[in-house]
Amino acid sequence: MNYLKKGEAKDKSFSYEVLIVDDGSRDGTKRVAFDFVKKYGVDKVRAILLGKNHGKGEAIRKGMLHSRGELLLMLDADGATKVTDLEKLENQIHAVARKEHRGDSAACDTTFKISDIPIVAFGSRAHLEEKAIATRKWYRNFLMKGFHLVVLLTAGPGIRDTQCGFKMFTRSAARKLFTNIRLKRWCFDVELVFLCKWFRIPVLEVSVNWSEIPGSKVNLLSIPNMLWELALMSVGYRTQMWKINS
């Protein structure tokens with residue numbers, strides 16, 4: 001909030017909102033969320049309560065479909081990635097949008113809006129991989145490599161780090177993707193990559209600063225569930241049981 005308030009003070013045209021999605025938590029998250037709503041007002045902060053736990057993918061989907069901004073940032077609440085890195089993603093999206101706009105002879109400058117051009121920017125920790133491999137347990141490296149192989153077979157090449165919880169979408173991209181997404185838990189990121197390719201939405205991979213935060217909810221027991229989700233996604237789309245709405 002301090003970062004966003006500074007941005008607003010520097011540029012009067014700058015506007016923002018923060019959505020806190022509570023995915024059926026059993027701790028004090030709801031109380032903390034509503035404290036922020038009371039402090040800053042519902043125009044700046046809103047809380048979405050899902051009642052029971054649905055999964056990270058569903059929580060993000062709800063947040064994205066309730067968002068009002070031109071650029072929508074998905075940000076994990078643990079603060080592993082600094083919020084200031086959103087400028088890196090935003091700058092890359094603007095650069096691609098300007099290029100796409102110049103290539104559209106039917107468009108004119110007076111109607112150009114960044115929100116109308118579907119673009120996605122994935123924050124990436126791939127540049128940190130070599131150091132992480134050297135410090136992680138061997139079995140975690142083995143599982144990581146195996147997961148990357150399954151992702152490659154499921155969604156195809158192009159993105160080295162699909163799982164970083166720091167992604168930015170233009171409004172039009174978010175609407176196309178999150179009205180179609182079906183996976184509700186950990187592997188929704190991989191489905192996003194698949195859908196981006198289906199819709200031919202440009203996906204940018206941007207290096208961000210990242211630090212390990214104690215208390216991660218991902219553990220070894222999550223691996224079978226993740227593999228099940230990827231298999232379900234592959235079968236669903238290949239057999240056309242999962243329809244994609246344009």
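Trainee: How many salt bridges does the count come to here?
Mentor: The count comes to 11, taking a salt bridge as a side-chain nitrogen of Lys or Arg within 4 Å of a carboxyl oxygen of Asp or Glu. Keep in mind that this is a predicted model, where local features need pLDDT of at least 70, side-chain atom pairs count only at pLDDT 80 or more, and totals for chains, interfaces and linings use all residues. Residues are numbered from 1 along each chain as its sequence is written, and side-chain values use heavy atoms, with hydrogens and water left out.

Trainee: OK, which residues are linked in a network of salt bridges?
Mentor: Glu58, Arg61, Lys62 and Lys184 are.

Trainee: Where do Glu58 and Lys184 lie?
Mentor: Glu58 is in helix α3 and Lys184 in the loop between α7 and α8, 126 residues apart, so the pair links distant parts of the chain. Helices here are DSSP runs of H or I with at least four residues, strands are E runs of at least two, and both are numbered from the N terminus. Arg61 sits in α3 with Glu58, three residues along, about one turn of the helix.

Trainee: Is Glu58 buried or exposed?
Mentor: Buried, at 6% relative accessibility, whereas Lys184 is partly exposed at 40%. Buried means under 20% relative accessible area, exposed over 50%, and partly exposed in between (1.4 Å probe, protein chains only).

Trainee: And what does Glu8 form a salt bridge with?
Mentor: Lys44, with the closest N and O atoms 2.8 Å apart. Glu8 is in helix α1 (residues 2-10) and Lys44 in the loop between α2 (29-40) and β2 (45-49), 36 residues apart.

Trainee: Switching topic: which residues touch the most other members of the largest nonpolar core?
Mentor: Met64, Val120, Phe169, Leu177, Phe178 and Leu192, out of 31 residues in that core. A nonpolar core is a set of buried Ala, Val, Leu, Ile, Met, Phe, Trp, Tyr and Cys residues joined through side-chain atoms within 4.5 Å.

Trainee: Which element gives the most to this core?
Mentor: α8, with seven residues.

Trainee: What does Leu192 touch?
Mentor: Phe122, Lys167, Phe169, Leu177, Phe178 and Ile181, leaving out residues up to four places away in sequence. Contact means heavy atoms within 4.5 Å. There's also a second, separate core of 15 residues, including Leu89, Ile114, Met168 and Val208.

Trainee: How many helices and strands in the protein chain?
Mentor: Nine helices and six strands.
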